[in-house]
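I opened this model to see how a few of its parts are put together. My entries follow in the order in which I looked things up.

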Amino acid sequence: MTTELHPVLKSVTDRIIARSKAMRAEYLARVERYKSREPRRKKLSCANYAHVAAPMTEADKLALALDKVPNIGVVTAYNDMLSAHAPYYRYPEKILDYARHVGATSQVAGGVPAMCDGVTQGKPGMELSLFSRDVIAMGTAIALSHDAFDSALMLGICDKIVPGLVMGALAFGHLPVIFVPSGPMPSGLPNPEKAKIRTAYAKGEVGRDALLAAEMASYHSEGTCTFYGTANSNQMLMEIMGLHVPGAAFVPPRGELRDALTRAAVERAAKASALSDAPAYMADVIDERAIVNGVVGLLATGGSTNHALHLPAMARAAGIILKPEDMNDLSGVVPLLARVYPNGSADVNHFHAAGGIGFVIKELLSAGLLHGDVNTVWGPGLAAYGKEPSLRDGQLVWVDAPAESLDLDILRPVTNPFSPEGGLRELRGNLGVAVTKISAVKPEHRVVEGPCAVFDDQDDFLKAFKENRLPEGDFICVVRFQGPKANGMPELHSLTPSLSAMLDQGRKVALVSDGRMSGASGKVASAIHLTPEAVEGGPISKLRSGDIVRVDCENGNLSFIGDEAQLMARESAPRPADADGLGRELFAPFRRLVGEAVSGGSVFW
């Protein structure tokens with residue numbers, strides 16, 4: 001029996017469809033022009049074709065010459081500096097072997113950069129992080145532009161990499177595209193313990209040796225970091241948007257089940273290629289319903305605030321206009337079903353063991369909070385994603401996800417959620433529009449009013465904290481000139497331990513910034529992505545230390561308390577001189593191209 005859609009879900013989807021009608025039609029018309037039921041390589045000249053086939057074995061060259069043999073393009077974000085991407089080292093040769101077994105061929109079409117936000121946090125390189133998404137998108141498009149492929153596999157996991165791969169691949173929506181994850185690392189030092197040591201280090205109570213030992217015990221192996229930040233939010237999104245083999249997101253690397261899932265992705269890329277009787281074109285998979293499903297999944301699991309930027313950008317690449325108010329309205333009716341660190345003490349391995357994304361999808365479908373009639377890379381309908389993969393006598397099979405949560409401290413049904421509302425909210429007021437994530441913030445810390453302390457750089461705040469120069473009692477930390485047009489919108493996760501330490505002292509503190517926080521941001525109320533940003537003369541540029549500011553995450557308000565006309569009459573603070581460092585030097589050319597980044601667009605799409 002089909003469950004009736006929740007009226008708010010239907011209303012938001014309908015208005016997105018109406019708003020996007022012209023742009024979506026233009027996108028689909030472009031996709032239609034490029035569709036082909038014959039091998040893409042047949043459109044190449046003999047010289048072009050020879051370049052494609054030159055490095056292949058003689059057997060693969062013969063196979064490639066056949067009209068009905070699909071050639072699978074692989075775009076990889078492999079490097080051995082990122083734990084999540086290190087397992088991809090042998091994937092191209094595995095994929096080629098699996099492809100041969102189903103009468104297909106495969107080639108690595110290209111590689112894309114994959115920088116690690118964990119390495120660049122608080123460093124100049126972080127100022128390139130958000131823009132790396134657009135470089136990845138362009139790199140993906142360049143890789144697929146050889147027009148020699150009948151389907152494609154995307155090898156990527158982390159923060160900006162998956163959104164960039166999605167955006168680039170959507171430019172080739174006439175191809176079936178499947179995302180192939182590598183899985184999370186085994187659980188190490190529990191995340192709450194790591195957070196305690198970080199806070200103790202910020203307060204000077206432990207030394208760097210203790211901090212390093214804790215970090216090494218947390219990030220200790222191949223695989224995705226186990227907290228529920230942007231990387232694991234990406235994997236949830238690829239699952240709930242129908243771009244994965246069902247249940248592939250959180251299976252550990254280097255096991256028989258992971259290999260079987262990768263083989264299944266290759267087989268599906270061959271069987272659902274543009275040459276097949278029922279091709280799974282990416283343009284048909286990512287439509288308005290899939291985008292809404294992604295937002296719902298983000299809200300229901302307490303995912304990363306970074307996706308308040310990435311989801312609208314991915315949607316634009318498919319000709320779909322997603323706005324902050326859409327996400328805010330959905331947040332009002334989507335219950336919070338998961339508590340995974342930083343929203344709770346569990347990590348993604350515990351979440352997976354308790355029932356995982358299969359349980360979440362089943363629950364949301366049963367409540368009419370997901371579009372179940374979508375297209376996916378696996379076929380029509382989202383029901384297959386309410387199952388989980390298993391091996392039976394060496395064969396890959398799918399079984400129903402648990403009917404009940406195996407740990408109610410981690411995962412709950414829609415009838416007994418952690419919260420009746422989702423984890424993200426929009427804040428509006430005389431300071432502009434911002435986003436906040438409240439799933440990890442205790443109710444008593446969600447409303448903060450007090451004098452602000454204004455900083456133009458996160459390092460200035462950290463120095464003031466160490467020197468005990470911050471206001472006593474409750475206060476608002478304002479860090480400005482951190483928006484996309486100022487310095488690339490770096491994550492400000494380095495602020496978290498110091499702000500958390502003050503919260504632990506019984507003080508009420510909040511952060512206001514035109515920058516962004518990490519997907520690992522936690523228990524401090526944070527009004528981020530504030531627009532208009534300071535460099536554009538937004539109200540945040542007119543604040544002075546001592547001004548009273550109210551951050552009300554419960555009622556969606558962010559305001560200067562006082563004479564608003566007097567505030568707006570002030571001159572904006574001058575933009576600080578650029579600090580030395582490779583990040584800002586490399587970022588300089590991008591400044592001129594920011595365009596729509598504030599509203600969730602991108603440089604190239």
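I began with Phe 481, which counts as buried at 4% relative accessibility; buried means under 20% relative accessible area, exposed over 50% and partly exposed in between, with a 1.4 Å probe and protein chains only. Phe 481 has a positive phi of about 60° although it is not a glycine. I found Phe 481 in the loop between strand 12 (475–479) and helix 20 (484–487). Helices (H or I, at least four residues) and strands (E, at least two) are DSSP runs, numbered from the N terminus.

A note on the source: this is a predicted model, where local features need pLDDT of at least 70 and side-chain atom pairs count only at pLDDT 80 or more, while totals for chains, interfaces and linings use all residues. Residues are numbered from 1 along each chain as its sequence is written, and side-chain values use heavy atoms, with hydrogens and water left out.

I then looked up His 529, which sits in strand 14. Its phi is near 60°, a positive value in a residue other than glycine. His 529 counts as buried, at 10% relative accessibility.

Next came the cis peptide bonds. One runs from Thr 531 to Pro 532, with omega near 0°, and Pro 532 lies in the loop between strand 14 (525–531) and strand 15. Another joins Tyr 341 and Pro 342, with omega about 15°. I placed Pro 342 in the loop between helix 16 and helix 17 (348–354).

I followed the chain into a hairpin. Strand 15 (residues 548–552) and strand 16 (residues 557–561) pair in the antiparallel sense over five bridges; two strands pair if DSSP finds at least two bridges between them. Asp 552 stands opposite Asn 557. Four residues lie between the two strands, and Gly 556 in the turn has a positive phi of about 70°.

Which residues does Arg 425 contact, leaving aside its neighbours within four places in sequence? I listed Asn 328, Ser 331, Ala 434, Val 435, Thr 436, Ile 438, Cys 553 and Glu 554, where contact means heavy atoms within 4.5 Å. Arg 425 is in strand 9 (residues 424–429) and is buried, with a relative accessible area of 13%. A polar atom of its side chain lies 3.1 Å from the backbone oxygen of Glu 554.

I turned to an open sheet of four strands, in the order 2-1-3-4 with parallel pairing. Its edge strands, strand 2 (105–111) and strand 4 (177–179), each pair on one side only. Strand 1 (residues 71–76) and strand 3 (residues 151–155) pair over five bridges, and Val 75 stands opposite Met 154 in strand 3.

Helix 8 holds Val 162, which is buried with a relative accessible area of 1%. Among the contacts of Val 162 beyond four places in sequence are Phe 179, Asn 234 and Met 238. Val 162 and Met 314 are 152 residues apart in sequence and 9.9 Å apart in space, C-alpha to C-alpha.

My last entry is on helix 1 (residues 7–19), which has 13 residues. Leu 9, Val 12, Thr 13 and Ile 16 are buried there.

Definitions and conventions. Polar contact = N/O pair within 3.5 Å; in protein donor to acceptor, adjacent residues only side chain to side chain. Expected span 1.5 Å × (residues − 1).
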